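Please read them beside the structure.

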Amino acid sequence: MIPIKDNIVQSFLGTASGGYSPTIRQSTTAAVRDTVTDGISDSISRALNPIRQPLRDVIELNLGRIAEALRRLKPHFASQTDNWATPQALFNELDSEFGFELDVCASEQNAKCAKFFTKEDDGLIQNWSGVCWMNPPYGRQIGHWIKKAHESAKAGATVVCLVPSRTDTKWWHAHCIHGEVRFIKGRLKFGDGKGTAPFPSAIVVFRPTTLNGVTR
């Protein structure tokens, strides 16, 4: 398809320069094309003038929102890891209800109970008993921690878990739906973070399974 501006040029040349030599026609074609192109560009520029500033405002507004979202994505923990430090107020509220005895996934700096397992202890290979608190790493291994919590409850422990509310995951449907789920309104502020987490959270409580009056 021939562009509109070339149609205009050819129509003009067909009447204005048909009797001239090829050299004259070629020069005339270039001159007319430049004139038409400049005219179209000026028209487009004038048409865009009223919306230039609103467009700039929209772009600047969204850049600000993107920057804020990226800031919130920074881990609110001491290092760039998938660990999110338990909000103390939330823990205190749950501790008053359950009376935790063991923090199954902690460090010496952030342990919530006198008895706890560190990364070096590897809580996944330890025996969980009594009333346990679990705020696991939120990376790909979280499914292993949720499975361990579910299995430990079947063996007699009570495990209260703070997890991201990822209802679209396999580990959620394989384990969490079998516990008591408490969705947290809004989004938490983890550790010393000033901003909220970029994901919603939930408390999942796995209690000892009772069948026919026998705790298992």
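1. Which residue forms a salt bridge with R182, the closest N and O atoms being 2.8 Å apart? The partner is E97. A salt bridge here is a side-chain nitrogen of Lys or Arg within 4 Å of a carboxyl oxygen of Asp or Glu. E97 lies in helix α3 (residues 88–98) and R182 in strand β5 (residues 180–183), so this pair ties together parts that are 85 residues apart in sequence. Helices (H or I, at least four residues) and strands (E, at least two) are DSSP runs, numbered from the N terminus.

2. On the source: this is a predicted model, in which local features need pLDDT of at least 70 and side-chain atom pairs count only at pLDDT 80 or more, while totals for chains, interfaces and linings use all residues. Residues are numbered from 1 along each chain as its sequence is written, and side-chain values use heavy atoms, with hydrogens and water left out.

3. The salt-bridge count comes to three. E180 also pairs with R182, with the closest N and O atoms 2.7 Å apart, and R207 meets E180 at 3.0 Å, N to O. R207 lies in the loop between β6 and β7 (210–211) and E180 in strand β5, so that pair ties together parts that are 27 residues apart in sequence.

4. Relative accessibility is 43% for E97, which counts as partly exposed. R182 at 25% is partly exposed, as are E180 at 30% and R207 at 41%. The classes are buried under 20% relative accessible area, exposed over 50%, and partly exposed in between (1.4 Å probe, protein chains only).

5. N135 is in the loop between β3 and α4 and is buried, with a relative accessible area of 8%. Its side chain makes polar contacts with the side chains of T86, at 2.9 Å, and Y138, at 3.0 Å. A polar contact is a pair of N or O atoms within 3.5 Å; within protein, one must be able to donate a hydrogen and the other to accept it, and residues adjacent in sequence count only if both atoms are side-chain atoms.

6. Helix α4 (residues 142–154) has 13 residues and should span 18 Å at 1.5 Å a residue; its end C-alpha atoms are 19 Å apart, which agrees. The expected span is 1.5 Å times one less than the number of residues. Buried residues of α4 include W145, I146 and H150. Just after α4, G156 takes a positive phi of about 120°.
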